[in-house]
Amino acid sequence: MKKQLKKLGLSIDWEREISTCSPDYYKHQQKLFLEFYDKGLVYRKENYVNWDPVDQTVLANEQVIDGKGWRSGAQVERKKLNQWFFNISKFSNELLSSLDELVSWPNKVKIMQKNWIGKSFGCEINFEIDNTKEKINIFTTRPDTIFGASFIALSVDHPLSNNYKDDKNFQKFKKDCDKTGTTEEALANAEKLGFKTGFLVKHPFIQEKKLPVYFANFVLMDYGSGAIFGCPAHDQRDLDFAHEYGIDVIPVVKPSNVKENNFKIGSEAFTDDGIIINSSFLNGLSVEEAKLKIITEIEKKSIGRKKTNYKLRDWGISRQRFWGCPIPIIYREDGEILAVEEEELPVKLPDIKNFGETSTSLNDIPNWKETVCSKTGMKAYRETDTFDTFFESSWYYFRYCNARLDKAFEKEDINYWLPVDQYIGGIEHAILHLLYSRFFTKALRD
């Protein structure tokens, strides 16, 4: 590629050339990671992730397209692993509001980012479990449909699942759920699977009415509180689930131009605006009017509160593959997790003779993995995951400003050269590179 560009005679300053797989580049990246770590913008947790069975690695939600890995095209599965995450969700509101300042950006890109960040208004409601003092907390954007609620669905990791840890049928169900990915799209399109519990909850507004509680494969712990109330008439996932498990379908919103007696729900949920029906004191109101009124009633009864939520999840940056920038963390034998000292950077990839067709894991290279803590002399082992390569492309435009600098970048250079005048790339980067680079810039600013 470089030869071709030179033959074309393009006036490129080759002194500014960078290579993100060069230790001269990624040593600065490792330092940036450690600064983010020090400021609490990076953390490690066990969580369900998108697993690509062909590339044998984790993918961020943004890297799953139509339920498949963006690189391999393989159907993505759900897997529980300890991973490193960037706290991108901390910037949800700012990432959304500052889209308005990007006047030269294509509108299509801004709309895609807006939808991906997914700001939604709704409320939390506490549903009381029958014959106990326990409650199930639920976030909903459609409190106006509360009178159409006919079941409760929980994530398989909801605290109530502890009651079923020795239940073989539940454990099998949980494994079946792992075949579903973690993206909203994958959850919407997957076959709906449920496991009926013995629990019932009291309906907060209909006396004597009790709703059955299920675990379901389309509910995740990391959105809301890992629980939903199902209103099948007005949500397609809920309707598919209700048809599968013989649950009541109660319409509570009708089109404004259709008489109540003539309105029926078939195989498709009615999700448009309309007029509230079958809902006691909400009858006759519009959807928006009903939302405001029911939230007022919920807060009056002290069973919930108004809340804003975002769809944007934190960015999982761990990858289980050899090619990538090593994550500069060590795990000491006494259990301490420590950042590699700055003077020991860069942590380089080892030289290897053979590279496997699918994956050559750093975990399988003992003489690289095993190390010692420079402070205590204790035995330790290196983090064997590498960074998602989108980490590299989240800040390379800063590096172009002065590619030979002995630190990541210089403010004066950035003020002279940036912002970028033109970005050439496919629309698939709208919620990948172009979202991550905005987050990175805001995080570096802080």
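Glu-288 and Lys-291 pair through their side chains in a salt bridge, with an N to O distance of 3.6 Å. The model is predicted. Its salt bridges come to 20 in count. Three of these pairs are set out below, with the accessibility of each partner.

**Pair in helix α8**
- Helix α8 covers residues 287-300.
- Glu-288 and Lys-291 lie three residues apart in this helix, so about one helical turn separates them.
- Glu-288 has a relative accessible area of 47%, which makes this residue partly exposed.
- Lys-291 has 18% relative accessibility and counts as buried, because the cut-off for buried is under 20%.

**Pair Arg-16 and Asp-13**
- A salt bridge links the side chains of Arg-16 and Asp-13, at 3.5 Å from N to O.
- Arg-16 is partly exposed, at 28% relative accessibility.
- Asp-13 is also partly exposed, at 42%.

- The side chains of Asp-446 and Arg-445 form a salt bridge with an N to O distance of 2.9 Å.
- Asp-446 counts as exposed at 59% relative accessibility, because exposed means over 50%.
- Arg-445 reaches 48% and therefore counts as partly exposed.
- Both residues belong to one network, in which salt bridges with shared partners join Glu-94, Lys-442, Arg-445 and Asp-446.

Terms used:
Residues are numbered from 1 along each chain as its sequence is written. This is a predicted model: local features need pLDDT of at least 70, side-chain atom pairs count only at pLDDT 80 or more; totals for chains, interfaces and linings use all residues. Side-chain values use heavy atoms; hydrogens and water are left out. A salt bridge is a side-chain nitrogen of Lys or Arg within 4 Å of a carboxyl oxygen of Asp or Glu. Buried means under 20% relative accessible area, exposed over 50%, partly exposed in between (1.4 Å probe, protein chains only). Helices (H or I, at least four residues) and strands (E, at least two) are DSSP runs, numbered from the N terminus.
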